[in-house]
Each structure stands twice: as structure tokens, then as C-alpha cells.
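I opened the file to look up the backbone, the core and the surface, and I kept these notes as I went.

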Amino acid sequence: MMSAWETTEVVIASGEDASTSPRASRSYWRQSWERLRSNRFAMVSGVVLLLLAVIAITAPLSSRSVTHYDPAQQDLNHVFAAFSGAHWLGTDELGRDTLTRLIWGARVSLGIACVTVLLYILIGGTVGLVAGYYGGLVDEIVMRVVDMLLSIPAIYLLILITSILPLSVGPIRIEHNALSIAFIIAVTSWGGIARLVRGDALSVRHRDFVLATRSIGASDARLILRHVLPNILPVVMVAASLGVAQVILLEAALDFIGVGVQPPTSSWGNMLYNSQTYFFHSAALVVLPGACIALATLAANIFGSAVRDAYDPRLI
């Protein structure tokens, strides 16, 4: 990948005037953003993700001002109610408002996805950056640990850990066990990003600008933070954008097999799991959370693929 100053040097070397060349006046990040913005499907997917995020963030406000129901509020006199003005998307087997539970489910499912991606990018990115920069024995030890982690099927490892550890966060109980689920998924999923970052760090550390900076006595911390890290950020961004869809599906799978977010907390996955028994009473209880999972996953995949095409320097 060429940084902004390297792009300018190439333009000058080719005989063009750097002050008048349009390429020289635009940084790598601006060019990448323009490529992303020109992709209409990506922009629509980004708007969908943004809308889902706003719905998730404003779930308490929507519950009070729009649906007027609490997600755990039961009304056994109106179970499996049809769509109506009182319940826009009907009710479930306990008379709970389906729309309210979908909104709060978005808060939990998308919240877990975002926290998980942030954590495993932080863990895997740090490990991969250190291994790739130092190489040698450090790289060998770290990558053998990563190989061991990646050799175990993620779903089995997740089931094992969730069965052993208590899925709560003590007296804080943030969204019950959602934070614990995010942490467990992150701890078992950072190997892939570590390997990706390590590969790019190995390449960047031998670049001329890194060698030149090291020759004037720059410390390892400065080289890593000021020179190596900025040059691998596009790859990290791509991994993060694609990781959101993967985590949404993984969290839904854990909920569906009963080891994820536990009732009464609502998530799209456990709503889908709980509704399978009542399909013939109300098909909407199965279709609606499934459609939410499909919509969020599709939008995240399309947007992530577009980010990869726009920002990954290896595809430019």
C-alpha cells in the first residue's frame, strides 16, 4: 500500500506536476472513500445498517413512545394476537409485543456484534502486529498459539466455554449475559485477524520508510504506532466490516441451540429459537426474527465486501 506522501513522490518521479495532478491532491483515504461512495448497493446497505443501529440505540425510547410496551411485559389474555393497532406485529406465546421484542433484540444482537468485533480486533490486531513486527521467536510462538486456536472448530469451543463459565456479569448484569457472550466469542475468534495483521506487518516492516525511520534511532513503539499500524489499518477495517455479519450469525446460532442470550432478555436468535414450537400458531414469530437476521447479515456482507473492494490496497 502506498501512503499519501509516497503517492506524491511517484507522481513527481513520473514527470507530473504534484501541485496540479488530481491524484497527488487526493489522499489514499479520500480516493478509497470515493470508490466506496460510487457503489450504490454499498451505500444502501450502509444506510440499512445505520438505521438498524439507530433503532437499537433508541430501543428504550421506542418502547416508551412508539410501541408503549416493555419487552418482558406479558398479557396472557392476548397470546398469539394478530397484527393490529395495539400490537403492530402481533404478540407471542406469552402475550409480549413482538415489535418491542424485535427492537430490543436488535439492541442485543447488534450490540454483541459490535462489541465482539471491537474486542477481537483489539486482541487479534495487537497480537498480530507484535508478531509481525518482531518476527523470529516471538512470531513462531504467537503463531503456533494461533494455529492451535484455529484448529478447534469455533462452535465447539464456544459451546464448551459457555457451558463452563457463568454467563452473567455479576451485579452489573448489562443486558443480562450479552456482554459475556460478546467476550467469549471475541476470545475464541481473534486468531483469524491476528494472522491477517501479522502477514501485513511482516511486509510493511521491510518497507524503505520503516527502515529509514529505524536508522535515525526511532523506538519500536514509535515505528509500530506511527508507521506500521497506519499502513495496515485498511486491512483491519475490511476485517471488521465483514466480521459484523459473521458475529450476528454466530450469536444467533448460539441462541438457537440454547447456550446464548437467555430469556427474558430478547435477541433475534432466541426469539427464533423460542418460536419454533409455535410455528403453526403464528408463522410471524418465526419469519420476523429470521428476516431481521437475514437483513442485517446481508447488509453487513454487502457493505463489508464494498469496503474490501474500496480500501484493501491489494485489490486496487
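This is a predicted model: local features need pLDDT of at least 70, side-chain atom pairs count only at pLDDT 80 or more; totals for chains, interfaces and linings use all residues.

I took helices (H or I, at least four residues) and strands (E, at least two) as DSSP runs, numbered from the N terminus. Residues are numbered from 1 along each chain as its sequence is written, and side-chain values use heavy atoms, with hydrogens and water left out.

Backbone entry. I found F80 in the loop between helix 4 and helix 5, with a phi near 55 degrees, a positive value in a residue other than glycine. H68 lies in the loop between helix 4 (59-67) and helix 5 (98-134), and its phi is near 65 degrees, also positive. Most residues other than glycine have a negative phi. For exposure I used relative accessible area (buried under 20%, exposed over 50%, partly exposed in between, with a 1.4 Å probe and protein chains only). H68 counts as exposed because its value is 54%, whereas F80 is partly exposed because its value is 23%.

Core entry. I defined a nonpolar core as a set of buried Ala, Val, Leu, Ile, Met, Phe, Trp, Tyr and Cys residues joined through side-chain atoms within 4.5 Å. The largest has 58 residues, and L110, I112 and Y120 have the most contacts inside it. Helix 10 gives the largest share of this core, 13 residues. Apart from it lies another core of eight residues, among them Y28, A42, A306 and V307.
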